[in-house]
Amino acid sequence: MSIPEVKEKWSARVSEVTIGATPAQGGTRARTVTIGGAGGIPFLSFDGALPHPPAIAIDVLDKQPVGWPKPLEEVYGDVWADPVQWARRAKELGADLINLRLTGIHPDEGDWPPSKAVEIVKAVLEAVDLPLIVWGCDFPEKDQRVMPKVAEAAQGERCLLGAVSQTEYRTLTAAAQAYGHTLIAASPCDINIAKQVNILVTDMGFPLSDIVIYPSTAALGYGMEYIYSILERGRLAALSGDKLMAQPVILDVGFEAWRVKEARADEEMADAWGPLAYRGPAWEAVTATDLLQGGADLLIMRHPEAIRAVREAVGQLMQGDGK
Amino acid sequence: MIIFSERINGMYRDVRAAIDEHKADVIQQLVRHQLEGGADVIDINLGPTKGDPVENFVWLARVVHEVTPKPLSLDSAKPDLLVQVVPRVRAALPETKLIINSSTAAPESMGKLVPLAVQHGAGIIGLTMDQEGVPGNVEKRVECGAAFLMTALEAGLQPDDIYIDPIILPINVAPKQPWNVMEAIRQLAMANEPPPHFIIGLSNISQKCLMNRLINRTYLVMCIAAGLDAAIMDAADKDLVEAAVTAEVLLEKHLYSDDYLRAWRMQKGL
C-alpha cells in the first residue's frame, strides 16, 4: 500500500530579520541573531526549510522588579537591582539576546527622564555584547519622549525596539528608521489589526523586512489558544504569500507565564499542585513550547530551567533538519 | 485574482488606429494605466487591424514588453494564426511568460494549441465549447471543460498553466447564460484537485448595455464566489478591481485588515 503524499507546497516564506550589528556592520555586538525564514509549518521540515531555530531573549528590567516569585528571585535576586549585572547574568544563562524593559520611565513607576533611560541602555550595551531588544513603558506620551533618545543613543546597534501599535506608531517608527533599528509591531490578540499595523508602518516608508510581529501573548490556561490560533493563521497567510503577514513573530512568554496563579502560588498550593520551584519553570516551558508550534521565532523568557527545557524540545523537534 | 488586461484589443478604436499606424506610445500609455490598476497579464488582441497579423502581433508584444516584463496573453480565435505567432513572440521575448488565448475543446483546436503551449512553456486558455459552438447549458460546458483539462494535463501542462473559460455571452442576448457559467465553474472546480484557473472575458456580459460597468462589477463578484480566479477585464476600472478584491477578502482569500485595499496594492508593489 502506498503512503499518500501529505507534503504541503508553500508559495512563500517568513521573512528574515537580523537583530544586532557587529563592528564590521557599524555596531559593537559580538554577533547578530537572525530570526524567521521558515518555509513551512513549524517543525515540519519536510514541508519547508526552517533555517533558524527560535531565538530566546532573557528579560532584564531597568530597576528591581516588584512581586516576582521566588524561583525567579533565586536566579536574579542578587543582581536585579542593577540592570548591568542582570544583563551579564542573562548572558551567562545562555540568552541569545537581552530583552531590556524600561519600566522606570513610567509616570507611576519612577517617571525617570529620557537621560536616565539612555544611560541604562548605553551601560547594558557596553557591558554585554549580545543583540538588544528595548521596550518602552507602554505609556505613549512618555515613550514618545524617551524612545527616540534611546534609538539615537543606540545608533548602529540595530536593536529591536518596541512597540508600535495601530494608534501609536509614528514617533517610534520614525526613530527606528532614522537610527537603523528594527521594530516590534504590536496588536491586541487580533490578526486583522496585526496586518493593519504593518500597513501603517510600511506606509511611512519603514521596510517590511525590519518588522517583527508581536501578536500579544497569553499563558497556558489563560487564553493561550487564542494566541495559538492567531499564530497559526498568520503563519498560513505568510506561507501563502501575504507579504504583510510574512514577518517573524516575537512572544512575551516569561512575562505572561510568571504572572498566572499556577506559576506564583507557593506553599499554600504545594500539596495539591507540587512545589513551585518545579511548577513555575514548567508553566513557562510548556507555554513556550506550545506556542512555538503555532509559529513563533523569538521568545522572551525568564527562568533558566524553562529555557533549557525549551531548547531541548526544539532540539528534538528539529532533529534531522538539513539532512 | 489574476487580472488580464482587456484593453490592448483592436476592437477599441484607439488601439486599432495605434496598431495600424504603429504608434507605440498610445499602446504603452494604455498598458501603464492597466498596470497601475493592478493588471497581472496583458492580453493582446489585434481585432480587425490592417497588415500582416503575425508581424502586428510581434510588434505589439514588443511594444508592451518595453513597458512591463509581465506575462502576455496572445489572443486570437484563429488557431492557425496562434501557431505562427507563438514561436515568433517566444523568439522575440524569450524570458516572457506567454498564455495562449485560446483553444476550444474541439480536437482539431486542442491538437494544434495544447502541444504548442507545452513546447513553449506557455499557459493556455481553454474555452468550454467544441466544433458545435457555445453550449446553451451547464452540462455541455462542464463536459468541454473536463475534456480540455484532461487533454492539457495529459500533455504535461501543470494545473497552474491551465485556464478554463466557460464563455460568457451578453446578458441582453442570452439571459440564462450568466448562471450557467457560474454553475459550470462551481462544478469544474469541485471535480478537480488541484483545480485549474477559471477565467471569463468579463466585458462581454454587458456589451451594448447601458449599465455596463455596474453589470461587470456585479457579475465579477458573483463569479468569484463561484470559484473564478482570473478575468480578462478593465484593470483601470477602480471600482471593478476593488469589488473583486473585496469579494476575495470576504472569501478569506486575503486576510482582512481595515486597509485591505491598500494592503492588496502594497502586496502587488503598486
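Predicted model: local features only at pLDDT ≥ 70, side-chain atom pairs only at ≥ 80, totals over all residues.

Let's start with β4(A), which is mostly covered: five of its five residues are buried. Residues are numbered from 1 along each chain as its sequence is written, and chains are lettered from A and ligands numbered from 1 in the order in which they are written.

- Leu97(A), Asn99(A) and Arg101(A) point one way from β4(A), Ile98(A) and Leu100(A) point the other way, and all are buried.
- On one flank, β3(A) runs parallel to β4(A) and is joined to it by five bridges; Leu61(A) stands opposite Arg101(A).
- β4(A) also pairs with β5(A) (residues 132-135), in the parallel sense and over four bridges, with Ile98(A) opposite Leu132(A).

**The whole sheet**

- Helices (H or I, at least four residues) and strands (E, at least two) are DSSP runs, numbered from the N terminus; chain A has 11 helices and 10 strands.
- Eight strands of chain A make an open sheet with parallel pairing, in the order β8-β7-β6-β5-β4-β3-β10-β9. Two strands count as paired if DSSP finds at least two bridges between them.
- β8 (211-214) and β9 (250-252) of chain A sit at the edges with a single partner strand each, so one side of each has no neighbour in the sheet.
- On average, neighbouring strands are turned by 25° against each other, direction ignored. Such angles run from 0 to 180 degrees between N-to-C directions, with axes being lines fitted to C-alpha atoms (for helices, over the stretch in contact).
- Strands β6 (residues 160-164) and β7 (residues 182-186) of chain A run parallel and share three bridges, and Leu161(A) has Leu183(A) as its bridge partner.

**Two helices with a buried side**

- In α2(A) (residues 83-92), the buried residues are Pro83(A), Trp86(A), Ala87(A), Arg89(A) and Ala90(A). They cover an arc of only 155° around the axis, so they are on the same side of α2(A); the arc is that of the directions from the helix axis to the C-beta atoms.
- Those residues pack against β3 (55-61), α1 (70-76), β4 (97-101) and α3 (114-127) of chain A. Contact means that C-beta atoms, placed from the backbone, lie within 7 Å.
- After α2(A) comes Gly94(A), with a positive phi near 95°.
- Over in chain B, α10(B) (residues 260-267) has Tyr260(B), Ala263(B) and Trp264(B) as its buried residues. They fall within an arc of 100°, so they line one face of the helix.
- The cover over these residues includes α6 (191-203) of chain A together with α9 (238-250) of chain B.

**The nonpolar core**

- A nonpolar core is a set of buried Ala, Val, Leu, Ile, Met, Phe, Trp, Tyr and Cys residues joined through C-beta atoms within 7 Å.
- The largest has 181 residues, and Ile98(A), Ala185(A), Ile100(B), Ile124(B) and Ala231(B) touch the most other members.
- Helix α7 (residues 224-239) of chain A gives the largest share of this core, seven residues.

Technical notes: Buried ≥ 20, exposed ≤ 12 C-beta atoms within 10 Å, placed from the backbone. Contact = placed C-beta atoms within 7 Å.
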